[in-house]
Amino acid sequence: MSFLCVGAFAGAVTLDEAKEMYLQGDFAGALPVFQEALASKPKDASLNHWVGVCLMQEGRDDEAVPHLKIADTKGIAEAPRYLAEIAFRKYDFEGAESYIAKYEKALKKSRKTMPEGAQAMIDRIDLAKTMLDRVERIVIIDSVTVDKEDFFRAYRLTPESGSLNTAEVLPEGVEAAYPTVVYMPETRTSMTWAAPDSLENYVLVSSNQLFDGSWEKPSPLPGALSDSGDSNFPFFMSDGVTLYYANDGDESIGGYDIFISRKGEDGFLQPQNIGMPYNSPYDDYMLAIDEVTGVGWWATDRNRIGDMITMYKFIPSDLRNNYPVDEEGLAAKAMITDYRSTWEEGKDYSDLLEAINEIDPDKKVKVGDFRFALPGGRIYTSWDDFKSPRAKELMEQYVESEKNFADKLSKLARLRDNYRNGNTEASAAILKLEKQIDADRTTLRKLANEVIKAEN
């Protein structure tokens, strides 16, 4: 029955119309027309090429290869380019390099310029070959298929590791990329997410909660996190310094790759691609590590299952341990063809998986009255933490002064916005408020020292 439907559809569309559909990117619509024409001309170079490209674009690489090889042997110049892409997806980077070199040679012979996408493929091949020499040895304890829409809801993180939220938690009117994940630490006093910049590129931004419960104006994370491409899906380790996120720019081997960066004195340091097996020629994103359970999570669409994606749970190591370069089946380990092959012999992970499943990621975290650091690594978050009545009294003054200080900072930000928008009369008020804020900073430092002295 389905054959008759395809035939009827193909007959209703001419070959010329199918070619136009092909050029417009409607590969699914053009494919049955090309296949019907190919049935009567099985060795036609162009038809084999068109069928091969359509099959490839529909995710049917294995079916596409024989047709593209026929097109290649019959001199279709573009065929090696597509064969290079398929070889790349299969982690046959040497084969991909050979095909793209053949494609480049054909272009030079016909005095044509290398397309930007093909040049990018050369760079991706070089990067992928380097990554394949440094595949990290990790233990993947589980693989789960989840709906791509709100996939991160399947991550079961302890409250101490923070929370992954939709953009619905953002203040009204605040911009966000779509899709994105809003990361909040255990205290829920800051948020980090992706938002479009003036050029519509996605950059990571953050906002901190003020004492009155409002949120400061979002600002991009400082540093070299968005030199190219879109950045998205942020996650901070509990140290508040180590950041994992996804980016699809020049240092990615395909779609989103996962990167790591750390906060320095002047912003975030140069990010590093964390390599394989985490990253692949497809989209890989949202890596999160729960230091309480000792389990990490990341999502990938490398298995190409429609609107579903694969989520891996793994046991991270403190120190990176790579497979030997000459390890048998290294590409399969990078691709994760069988995650159970990463298990330690005789090891049972069922108890750990059961414990993770019992975690309630929506559990409400008690937010402290404040956060005050004392010598020796002590952190006070409640009035009941104080032993000295005098220190508690001084702390009350400190909290009130800090609230007034935050209010002045917010007012200063509004005045500066007005000034930038052409209200030059705000200049005098800005200068006056800046002097007050400098004086308040000194007062706060003195008060903090008095609190510490009284408590100690």
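This is a predicted model: local features need pLDDT of at least 70, side-chain atom pairs count only at pLDDT 80 or more; totals for chains, interfaces and linings use all residues.

Select β9, residues 257–264, together with β8: the two strands run antiparallel and are joined by 6 bridges. Show N247 and D257, which stand opposite each other, D257 being in β9.

Now select β8 alone, residues 242–247. Is this strand enclosed or open? Since 6 of its 6 residues are buried, β8 is largely enclosed by the rest of the structure.

β7 pairs with β8 in the antiparallel sense, over 4 bridges. Pick S231 to find its bridge partner in β8, N247. The hairpin of these two strands has 5 residues between them, and G240 there takes a positive phi near 70°.

**The second largest pocket**

The pocket holds about 610 Å³ of space. Next, select β8, β9, β11 (272–273), β12 and β14 (308–315); each of these strands supplies at least two residues of the lining. Colouring the lining by class gives 12 nonpolar, 5 polar and 6 charged residues.

**The largest nonpolar core**

Nonpolar side chains tend to be buried together in soluble globular proteins. To look at the largest nonpolar core here, select F151, Y155, L164, Y285, M286, L287 and W298, which touch the most other members among its 51 residues. Strand β12, residues 284–290, gives this core its largest share, 5 residues.

Centre the view on Y155. Which residues does Y155 touch, leaving aside those up to four places away in sequence? The list is L164, Y285, M286, A288, W297, W298, A299, M311 and P361. Then move to a second, separate core of 24 residues, which includes A18, L38, W50 and L55.

**Helix α6**

Select α6, residues 79–89, where 10 of the 11 residues are buried and the helix is mostly covered. Among the buried residues of α6 are Y82, L83, I86 and F88, and also E85 and R89. To see what covers the helix, show α4 (45–57), α5 (61–73), α7 (93–109), α8 (116–132) and β13 (295–305), against which the buried residues of α6 pack. Just after α6, stop at Y91, which takes a positive phi of about 65°.

**β4 and β5**

Select β4, residues 190–196. This strand is mostly covered, with 7 of its 7 residues buried. On one face are S190, T192, A194 and P196, on the other M191, W193 and A195, and both faces are covered. Bring in β5, residues 202–208, which pairs with β4 in the antiparallel sense over 7 bridges. W193 in particular stands opposite V205 in β5.

The hairpin of β4 and β5 has 5 residues between the strands. Within that loop, go to E200. Its phi is near 70°, a positive value in a residue other than glycine. Is E200 buried or exposed? With a relative accessible area of 58%, E200 is over the 50% cut-off and therefore counts as exposed.

**Another positive phi**

Move to the loop between α9 (330–335) and α10 (350–357), where I336 lies. I336 is not a glycine, yet has a positive phi of about 65°. I336 has 8% relative accessibility, which is under the 20% cut-off, so this residue counts as buried.

**Two cis peptide bonds**

Finish with two prolines. Select Y178 and P179: the peptide bond from Y178 to P179 is cis, with omega near -5°. P179 sits in the loop between β2 (163–165) and β3 (182–184). Then select M276 and P277, where the bond from M276 to P277 is also cis, with omega near 15°. P277 belongs to the loop between β11 and β12.

Definitions and conventions:
Residues are numbered from 1 along each chain as its sequence is written. Side-chain values use heavy atoms; hydrogens and water are left out. Buried means under 20% relative accessible area, exposed over 50%, partly exposed in between (1.4 Å probe, protein chains only). Two strands pair if DSSP finds at least two bridges between them. A nonpolar core is a set of buried Ala, Val, Leu, Ile, Met, Phe, Trp, Tyr and Cys residues joined through side-chain atoms within 4.5 Å. Contact means heavy atoms within 4.5 Å. On a 1 Å grid over the protein atoms alone, a cavity is a set of points where a 1.4 Å probe fits but cannot get out, and a pocket is an open set with protein on both sides within 12 Å along at least five of seven lines; lining residues have an atom within 4 Å of a point. Grid points are joined across faces, edges and corners, and a volume is the space filled by probe spheres set on the points. Ala, Val, Leu, Ile, Met, Phe, Trp, Tyr, Cys and Pro count as nonpolar, Asp, Glu, Lys and Arg as charged, and the others, Gly among them, as polar.
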